[in-house]
Amino acid sequence: MDIVHLPLALQFTSPGPILFKLGPLAVRWYGFLIASAVLIGVSLSQYLAKKRKVDPELIGDLAIWLVLAAIPCARLYYVAFQWENYAQNPASALAIWQGGIAIHGAILGGVLAGWIFGRIHRIPFWQLADLVAPSLILGQAIGRWGNFFNSEAFGAPTDLPWKLYIPPEIEVNGSIVRPRPPEFANVDYFHPTFLYESLWNLMVFTLLMNLFFRDLKGKPRLKVGTLFLVYVVAYSAGRIWIEGLRMDSLMLGPLRIAQLVSLSGMILGCLGLLWLYSKPHHSLIPKTLRASQPGTAYGALATTPQAPPTSLYLAQTNPPGHSNQNVNQNPSQNPNPSPNQNFNQTANQTPKSAPQPAISPNSETNFLPRLILGSIGIALALLFAVFFTNRGALMNPSPSLAPSPSPAVQVQPPTSPGSPTIQSPTPSPVAADSPGQTQLNQARVILQDVSASKLNQAIVQAQEIPPDDPAYPQAQQDIQRWSQGILDIAQGRAQQKKFSEAIAAAQLVPQANRPLFNQAQLQIQEWQQADPSTLIQGARRLIQPGQASSYNQAIDQLRQVKPNQPSYLEVQQQINQWSGEIFKIAQARAQKKQFSEAIQAAILVPEGTPAYTEAQRAIAQWKIR
């Protein structure tokens, strides 16, 4: 399957979530990318640690902590904001292989684990955070492609040259799932938000690496914590606008949670940078580390208040051949001895001329816990690569994947403009064990967030109740009210001049409700004529490359526009273009000596278009041949 179609456009098409299979086990792209991102990130952080004279084994130990904390926190974050889907069956919250994690939860969990790790080993948190920040944003850039393979986390419909094809149905764990939102079930192409965020993250990664190596050269010298705070600000800025394009965001009322968290991250990051560069450098270091201590875990060094450094990292040694008078002087003659001097003289009594590594762990003491934690981390990465399916909940599951039954709820009237007022009355008394009542209650739960797609899901659920069920009369009343609600939403979008959204919503009005369905179809025609782009987009979905008949069907649909309507000229231009495409298909058949097929295609060129005359001449020639 082609992933990118060139040269006219970048039309991304996922080859599927499975990388390869080993018997009954399926290795998925998402898990493979996450595992790869972890390995690449650890290697990069170890490389940066060497540049700062920090023992790379420290980064390996820290990585285990981060992985073990990030995964459960990412799941906990997602479940907390989707609790209504897990309240009836809390044990399902542990089924991470069914999808549902959030990157902000992973970041918060990693920050907490890094802080605890630093406290245990008496190493400044900000020093660790700066070493991890470039790897973190690079890992996010890699991991975002998992959304591409899963056909998820995409944006609104688009007709830009770069676009992502989302199939109408995909198979997940043996079940058929519809990834498209119901109101856009007939739309093929959406914004590739995974690509937007991946490219943005790569730009942030380039910025952080540039700052890191400029600091190595001393132009400029950065304070500890700068790289991590720049990461928080830059990533949050990109996530705010990219999240606004997505259609599967976690919501807190009318607000997108990821945007709220990103905005908070930007504000806190900016305040942190202002505070960082308005205070003395040593103020970030815990008091217990302001003087070098032989008993400090990993031998981590820190500066004294009398001699604050200006470089990015605190633990550094003098390079070979570099003279330092403080090291060569007697400590009694130097009121402000350097930390390297104190450590060399009081801890190890090593020669002053021999530079010491900033961190010198005791490998014999730490070998067993590292082996145990390392084994757990490797096993966890393998489980992710084998079983992990989706980052988030799929947008439109089939009825078989509907939520578990729950008590009936009252649907509150929405406050957003263009939304219907839907207040479910108290259900009439029915048998407590009625299957239809259970299914109707289940449909009402869907409407906790009122939208055209949610109303459509509830209608589909209620329509399955058989006529002999005691809940059937109440279900029919609800279906009538919900159908009217969908049409009200569509009319509200049209009042806001959002004709494409209005048409997509009106198409969800069920055919079983014939009066409302007919009214919706009439309004769809009006809205298509008011905004020809929606009509053209709908016609374009009929086209199949290389099939002249599909172009002919699309042209017939555009001919609904009359000459006295404002959109007539734009529609005629599209008709002329597609007529030319039909003639090109006919010419391609003729070049292959398939003259009968060429004639059949050329006959479909509509009369009155520029290509019609040429098509008639060609037909006459091909008949002779």
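**Aromatic rings and their partners**

Modeller: F125 is buried, with a relative accessible area of 17%, where buried means under 20%, exposed over 50% and partly exposed in between (1.4 Å probe, protein chains only). W126, at 25% relative accessibility, counts as partly exposed. The model is predicted, so local features need pLDDT of at least 70 and side-chain atom pairs count only at pLDDT 80 or more, while totals for chains, interfaces and linings use all residues. Residues are numbered from 1 along each chain as its sequence is written, and side-chain values use heavy atoms, with hydrogens and water left out.

Rings of Phe, Tyr and Trp (its six-membered ring) pair if their centres lie within 6.5 Å; planes under 30 degrees apart are stacked, over 60 edge-to-face and the rest tilted. This rule gives 20 aromatic pairs. W29 and F149 are stacked because their ring centres are 4.2 Å apart and their planes meet at 5 degrees. This pair joins distant parts of the chain, 120 residues apart: W29 belongs to helix α1 (residues 29-51) and F149 to helix α5 (residues 145-150), helices being DSSP runs (H or I, at least four residues) numbered from the N terminus. W29 is partly exposed at 23% relative accessible area, whereas F149 is buried at 9%. F125 and W126 form an edge-to-face pair, with 5.4 Å between centres and 70 degrees between planes.

Ring pairs also link F12, W29, F32, W145, F148, F149 and F194 into a cluster.

Notes:
Helices (H or I, at least four residues) and strands (E, at least two) are DSSP runs, numbered from the N terminus.
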